[in-house]
Structure formats: C-alpha cells, structure tokens
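Reader: I am new to this structure and would like to learn how to read it. Could you take me through it step by step, beginning with a residue and its surroundings?

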Amino acid sequence: MANASEPGGGGGGGEAAALGLKLATLSLLLCVSLAGNVLFALLIVRERSLHRAPYYLLLDLCLADGLRALACLPAVMLAARRAAAAAGAPPGALGCKLLAFLAALFCFHAAFLLLGVGVTRYLAIAHHRFYAERLAGWPCAAMLVCAAWALALAAAFPPVLDGGGGGDDEDAPCALEQRPDGAPGALGFLLLLAVVVGATHLVYLRLLFFIHDRRKMRPARLVPAVSHDWTFHGPGATGQAAANWTAGFGRGPTPPALVGIRPAGAGRGARRLLVLEEFKTEKRLCKMFYAVTLLFLLLWGPYVVASYLRVLVRPGAVPQAYLTASVWLTFAQAGINPVVCFLFNRELRDCFRAQFPCCQSPQATQATLPCDLKGIGL
C-alpha cells in the first residue's frame, strides 16, 4: 500500500480503489474488535461461574483492546483519507504524540498484564495451595490490573516524548512513533518490551517443564509400606493416606513423614488438594493464555523488528510495504483475542451458548446444559 501523498500520476482510479480497500479493511477490524471484546465482556459480567481471577484479567485485556481499537483505528482511517486528498493536512505534532502515547500505553499494558497472568498460571499449577488461599480472589486480579496500568503508564511516556512527532505515513497515527532522532528513548522502549515478552515466555517454559517432570513414567517399586497406626508411610506407600490426613480426614497421631505439616481443619472447609478436574481446568486456562501471549509476540514482532532496524541502522532500511504490513498486524491484535479465547476454552463456549441461545441452532439449544451445572459435573 503506497503512500498516496503524491498528487501527480495517472493512477487515480487505482489510488481510489486502494483507499477504499484500506478503509473497508480498517472498518472491518474496528467492527470485529468492538463486537468481539464487548460481547466477551458481557459474557464474563453476566455469567457467575466466570467470576474468577483469570477471567477478570482476561476481561481487562479485552476492554483495553476494545479501547485501543476505538481510539486508534478511526484516527488511522482519518489519516488515510487526508493522505489521499491532495490538500489534506497531516495531523499536528500534539495529535501524533497523543496517539503514539495511547499505542505505547495499550501495548505495554498488554505485555505487563500477560506477564502477570503467566506468573499466576504457574502458581496455580505448581503451588496450588498458595494460589487457592492467596491469589484466587478478585483482590489479586485488581492488584495485577492496577500494576499493569501503572507500569504501562510509566513506560509509555519516555519513548513518546523523546521520539519525533508527525510523520508522512498515513499509518503513523497510533503506530509507535519511534524516530531516529529519539534513538535512546526508542531503544529503551524496544528493549523493555523485549524483556517483558521474553520473561513471559520463560515463565510458560518453566511451567511446561514442571508439568513434564511430573508426567514422566517411573518404574514401580514393590516396597511394602510401613504402618503402626493405619497411617501407611514409607517408600511403598501410595500417598493416599497422607493425602487424606493432609486434607483433614486423618485419624490418630501425625505420620512421621508429615511432621510439621498442618492438616486442614474440619471446620475450615478449604479445599487444599488439586484434584484431577481442577488440574485439567487450570491446564486449559494455561493453554488459552499462552495462545494469547504467543499471538501477541507474532503480531507485534514484525513491527518491533522494523523499529530496531529504523533505530539502529537507518530510517530507510525497512521497506515501506513491510512497515505498513507490520503496523496492520498490530491493528489485528486488537480484535483477535476473543476469537482465540473461544477456540481454546470449552468453558467459555458452553457459557456463551447458555447466555446467548439465539446464536445457536434449536437442536444445539435443546442439548446444551447450563454452564453452572456443567461446572459441577452434572
């Protein structure tokens, strides 16, 4: 998509067709992003079974994507129309800085929030007892959301104020306005974004190793268990007696292997063990969030590479077609998260069918159980 700022030339019909295609694509991205994110937010708000910390974080991410699409895509459409008109004036420096600040703010918010989500997913599987007692409620989700916005606000200011304003590209509004004259700020922005995204993938890699280490097959050792008072400890014990005692169902003295571990009281009612169904649910959530994180890397990666080349090499080192395509990939990221979440999470699909029966066939409506009944295994 070439820049249409050259008034000369006889390709008026081709330029008009290119402008129409660009505006239609931007309009489609805007509608898909707003419809998907708003529908997803309504689903989480209306469905009581989704009132949990992971879905609160996902709700904040989708609302931020919807706000980014609403703030940025109309500005890009207006800039494209101005660039197509011979007398169109480019947006002012203040407007470019404001749009660049919003783009950096939403980009960093998504990166920091996905890092926090990755840490909570690791704790939910590797340290489920601590996660269930301290991090499973809405206060933890609220703290993570506030921390993500605060860190994004702090990280978005320097590169925008250090970088140059304006620009002659119609895709520049709401692209991250990094110019070579602000190379220190732009390079710091890029390095910080790369560190945050890399740390997020390292957390998921550590989680993958944790799950894999606990799925390895080990040879059975036929060693008899030791028991003096029906506690069954020792190398040959299966662990079920110890698990029952830890969960609060034990009788008699503390087994020698569990000295120092406090059992769950009968009146506390807290579930301390990660049962198989909960483990599968946590794994599905991990897969969904990692898919969102991977798409964030794939869609923002080309633009980050182009920004590195423009800062470290020279402004003309990146072809205009590649730069335009990379910017449009970042636009697509604002509307793809709800689609990925529905594809990777069966619980969301079931709740969607229960809350919006008009979006499915009558046969599927009769065969669909309410989402809360499926959640308890009925």
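Author: Let us begin with contacts, where contact means heavy atoms within 4.5 Å. Leaving aside neighbours within four places in sequence, Asn37 is in contact with Cys62, Asp65, Gly66, Ala334, Gly335 and Pro338. This is a predicted model, in which local features need pLDDT of at least 70 and side-chain atom pairs count only at pLDDT 80 or more, while totals for chains, interfaces and linings use all residues. Residues are numbered from 1 along each chain as its sequence is written, and side-chain values use heavy atoms, with hydrogens and water left out.

Reader: Where does Asn37 sit, and is Asn37 buried or exposed?

Author: Helices (H or I, at least four residues) and strands (E, at least two) are DSSP runs, numbered from the N terminus, and Asn37 is found in helix α1, which covers residues 12–46. Buried means under 20% relative accessible area, exposed over 50%, and partly exposed in between, with a 1.4 Å probe and protein chains only. Asn37 counts as buried because its relative accessibility is 1%.

Reader: Which backbone atom does the side chain of Asn37 reach?

Author: A polar contact is a pair of N or O atoms within 3.5 Å; within protein, one must be able to donate a hydrogen and the other to accept it, and residues adjacent in sequence count only if both atoms are side-chain atoms. Here the side chain of Asn37 reaches the backbone oxygen of Ala334 at 3.1 Å.

Reader: What should I look for along helix α9?

Author: Helix α9 (residues 320–344) has 25 residues and reaches 35 Å from its first C-alpha to its last, close to the 36 Å expected. A bend is read separately, as the angle between axes fitted to the seven residues ending at a residue and the seven starting there. In α9 a kink of about 50 degrees lies at Gly335, shortly before the proline Pro338.

Reader: Which residues does Leu295 contact beyond its neighbours within four places in sequence?

Author: Leu295, which lies in helix α8 (residues 276–312), is in contact with Ile336 and Val340 when those neighbours are left aside. Leu295 and Ile336 are 41 residues apart in sequence, and their C-alpha atoms are 8.6 Å apart in space.

Reader: How many disulfides does the structure hold?

Author: A disulfide is a pair of cysteine sulfur atoms within 2.5 Å, and the structure holds zero of them. Cys107 is buried because its relative accessible area is 1%, whereas Cys146 is exposed because its relative accessible area is 53%.

Reader: What does the protein chain look like as a whole?

Author: The protein chain has twelve helices and zero strands, and of its 378 residues 41% count as buried. Among contacts in the protein chain with a separation of 6 or more, 76% are accounted for by residues 24 or more positions apart.

Key:
The expected span of a helix is 1.5 Å times one less than its number of residues.
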